[in-house]
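Thanks for making time this morning.

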Amino acid sequence: MKRERLDLDAYPFTIRPLNSEEVGGYLIEFPDVPGCISDGETPQEAIANGRDALKSALLTMKEFGRGVPRPAATAAASEQWRQRVPKSLHSRLVARAKQEGVSFKHAGRHNDRRGLGRRKAS
């Protein structure tokens with residue numbers, strides 16, 4: 001019997017910080033596998049724990065003869081990334097946005113690509 005390999009990296013996930021009422025840390029969810037969630041103290045730990053949860057969920061679905069959901073196409077991803085940053089970085093992004101006359105989101109995206117404070121003077 002041929003054993004099918006599970007491509008865990010193909011499944012998109014969302015990760016968000018948990019607030020203090022939720023005990024803190026980070027929550028990871030896999031939208032293509034309803035109910036498949038995990039958490040961790042750091043984003044990296046949440047991702048590692050999430051991969052374990054995803055593998056267990058998919059193997060359990062296979063074991064009980066349930067259809068294993070296919071991962072969504074990456075083109076359908078929301079392109080959202082939420083991340084807590086140090087207050088000092090946030091302050092610099094706010095100042096940069098104000099200085100350049102753009103929105104905070106625009107400044108964050110733009111500076112993420114080029115590295116805040118690493119731009120060479122022209």
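**The core and its helix**

The largest nonpolar core has 13 residues, and those with the most contacts inside it are Tyr-11, Phe-30, Val-33, Cys-36, Ala-46, Leu-54 and Leu-58; by such a core I mean buried Ala, Val, Leu, Ile, Met, Phe, Trp, Tyr and Cys residues joined through side-chain atoms within 4.5 Å. Strand E2 (26–29) and helix H1 (43–63) each supply at least two residues of this core, and H1 gives the most, with five residues. Helices (H or I, at least four residues) and strands (E, at least two) are DSSP runs, numbered from the N terminus.

This is a predicted model, in which local features need pLDDT of at least 70 and side-chain atom pairs count only at pLDDT 80 or more, while totals for chains, interfaces and linings use all residues. Residues are numbered from 1 along each chain as its sequence is written, and side-chain values use heavy atoms, with hydrogens and water left out.

Tyr-11, in the segment before strand E1 (14–17), is buried at a relative accessible area of 7%, where buried means under 20%, exposed over 50% and partly exposed in between (1.4 Å probe, protein chains only). Not counting residues up to four places away in sequence, Tyr-11 touches, among others, Phe-30, Val-33, Leu-54 and Leu-58, contact meaning heavy atoms within 4.5 Å.

Which residues of H1 are buried? They are Ala-46, Gly-50, Leu-54, Ala-57, Leu-58 and Met-61. They cover an arc of only 95° around the axis, which puts them on the same side of H1; the arc is that of the directions from the helix axis to the C-beta atoms. On the other side of H1, Gln-44, Asp-52 and Glu-63 are exposed.
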